[in-house]
Amino acid sequence: MNDDYFTKLDEQLSALTSEGAHLDRRARWRPLDRAARRTVAALGLVVLLAALLVIEFPGSASGNVQRATARMALTSIASRPAVAPGAARGRLA
Amino acid sequence: MAHPRDHARWSDAELLAGIVARDPQAFSTFYRRHLRLVLATLAHETGNREAAADLTAEVFASVMVAAPRYQVRQDTAHAWLLGISRNVLGHSRRRGRVDDRARRRIGVQALALGDSDLERVDAALDEGRLEVSELVQALPALERSALVARIVDERPYAEIAAQFQCSETAVRKRVSRGLARLRAQLGES
């Protein structure tokens, strides 16, 4: 066997060729990578839209506005002074 | 594709497809077919035998990595291979040291250069010179004179035009045709 530089280079590169060392090992994962990237992008978009909605309508997202309105209505009804039926009638008269 | 045992008859495109298919014989055949051209080109460009040998290793490692992207445009892969050589050389010059990215990527181990290896670089360079010299001699007389005056003697077009009593455009055309003919002949050889 010849052991000069160029022969050894030929042997080494030929051996690496048969091992497939030159082929892109990441190529087989590329479709999966692509799907993962798309999923993350879609999730990010959903989260962003949700965040925009919360910022735009801070109460409605959690139902706070409806609850607060209902509470205020109940409180105002409870604190209103009782009106005697006669007084009303007298005022009208 | 040609018979698997008959790699020497395979075209460059077939050999490169073989390299992608992990055929070690395809690589070896491609390497032996083009080693002299790459080595002579790099030795001529660098003027440094050690660097030329080192760069040659990087070029063939790059060939392995780039083989899946090879597109057949000509009968031989000379132009593609010389393009890779230029890229490797250019990158090495910019970095100030011999590029080794492709070798690191595929895991090539460093090899020691001996005196006989350096003699081989010289031989490749001489053979390359001889080949080009023969091809230049075979050019039509007008193209040869213009090519030698412009490329070898590095004389200005105006001076050559005055000597040959023709226009600068005519001289440029002769040089261009001569170079195209040389490239074509080098591609075929």
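B:Phe27, B:Tyr31 and B:Phe60 form one aromatic cluster in this predicted model. Rings of Phe, Tyr and Trp (its six-membered ring) pair if their centres lie within 6.5 Å; planes under 30 degrees apart are stacked, over 60 edge-to-face, the rest tilted. Over all chains, the structure holds five aromatic pairs. One of them, B:Tyr31 with B:Phe60, is edge-to-face, at 4.8 Å centre to centre and 65 degrees between the planes. B:Tyr31 belongs to helix α2 of chain B and B:Phe60 to helix α3 of chain B, so the pair ties together parts 29 residues apart in sequence. Helices are DSSP runs (H or I, at least four residues), numbered from the N terminus. B:Tyr31 and B:Phe60 are both buried (under 20% relative accessible area, 1.4 Å probe, protein chains only).

At the interface, 31 residues of chain B contact 19 residues of chain A (heavy atoms within 4.5 Å). The two chains bury about 2200 Å² between them, 64% of it on carbon and sulfur atoms. Buried area is the accessible area (1.4 Å probe) lost on putting two parts together, summed over both. B:Arg22, B:Met64 and B:Leu111 supply 28% of the area that chain B buries against chain A.

Two salt bridges cross the interface (side-chain nitrogen of Lys or Arg within 4 Å of a carboxyl oxygen of Asp or Glu). A:Asp4 and B:Arg120 meet in a salt bridge at 3.7 Å, N to O. On the side of chain B that touches chain A, α3(B) gives the largest share, eight residues.

Local features need pLDDT of at least 70, and side-chain atom pairs 80 or more; totals for chains, interfaces and linings use all residues. Residues are numbered from 1 along each chain as its sequence is written, chains are lettered from A in the order written, and side-chain values use heavy atoms, without hydrogens or water.

Methods
Helices (H or I, at least four residues) and strands (E, at least two) are DSSP runs, numbered from the N terminus. Buried means under 20% relative accessible area, exposed over 50%, partly exposed in between (1.4 Å probe, protein chains only).
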